[in-house]
Amino acid sequence: MLSRILGRLLKSIHAGENHLAWNNKATHHVPATISLSSNAFQPNGNIPLQYAGPGVGDNISPALSWSDTPENTKELVIILQDPDAPLTKPFVHLIAYGISAHTDKFEDGELATTSTQIKFGKNTFKGFGYTGPRALPSHGPHRYVFQIFALDKPLSFATMPTLEILLDAMQNSVIARGRLDGFFESI
């Protein structure tokens, strides 16, 4: 009940697109030539409940596939953010890096913390791995932005990076990008 009241009170407050990784100085100038899709939902469509976060859905990462990565790609990075969160910056739901340039898809649930094919950065909860949509009830529909970046050099960190540290390390090495938006609303 209290969360619904809070959602209604904060309905007009959104972090916005400006602070998405997509618009960061390390990425915004790069061509959007990677085609990113999911068989779980259509572009700008509703994300099914099973992919929603703990307490709302099953917290299973949706299948993602992509094509048209440049030949000189050394590593891929996937970031999931919610720019409609009532915060100063978009909520980070996933940072996955160290993805092989030869990989072109993940099946349902493969972006879980048990994956050995990828490395993870810290999400807004200071955890890691996929954390599904779980918007504040009565706040309205939230957009969830899946972003993929191709890098011409591999990344290396001594500890699990935050989004800011990751984006700083990506500076001057992003060669292509792609994006898939989906919507989810907690009622």
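Visitor: Hi! Is Phe128 buried, partly exposed or exposed?

Guide: Phe128 counts as partly exposed, at 38% relative accessibility. Buried means under 20% relative accessible area, exposed over 50%, and partly exposed in between, with a 1.4 Å probe and protein chains only. This is a predicted model, where local features need pLDDT of at least 70, side-chain atom pairs count only at pLDDT 80 or more, and totals for chains, interfaces and linings use all residues. Residues are numbered from 1 along each chain as its sequence is written, and side-chain values use heavy atoms, leaving out hydrogens and water.

Visitor: Which residue forms an aromatic pair with Phe128?

Guide: Phe120 does, and the pair is tilted, at 5.9 Å centre to centre with 40 degrees between the planes. Rings of Phe, Tyr and Trp (its six-membered ring) pair if their centres lie within 6.5 Å; planes under 30 degrees apart count as stacked, over 60 as edge-to-face and the rest as tilted. Phe120 is buried, with a relative accessible area of 7%.

Visitor: OK, how many aromatic pairs are there by this rule?

Guide: The count comes to six. One of them joins Tyr97 and Phe157 edge-to-face, at 5.2 Å centre to centre and 90 degrees between the planes. Tyr97 lies in strand 5 and Phe157 in the loop between strand 8 and helix 2, so this pair ties together parts that are 60 residues apart in sequence. Helices (H or I, at least four residues) and strands (E, at least two) are DSSP runs, numbered from the N terminus.

Visitor: New topic: helix 2. Which residues there are buried?

Guide: Helix 2 covers residues 163-170, and Leu163, Leu166, Leu167 and Met170 are buried. Seen down the helix axis, they fall within an arc of 95 degrees, so they line one face of helix 2. That arc is taken from the directions from the helix axis to the C-beta atoms.

Visitor: And what comes just after helix 2?

Guide: Asn172, which takes a positive phi of about 65 degrees.

Visitor: Last one: which residues have the most contacts inside the largest nonpolar core?

Guide: Trp66 and Ile78, in a core of 28 residues. The largest share of this core, four residues, comes from strand 8. A nonpolar core is a set of buried Ala, Val, Leu, Ile, Met, Phe, Trp, Tyr and Cys residues joined through side-chain atoms within 4.5 Å.
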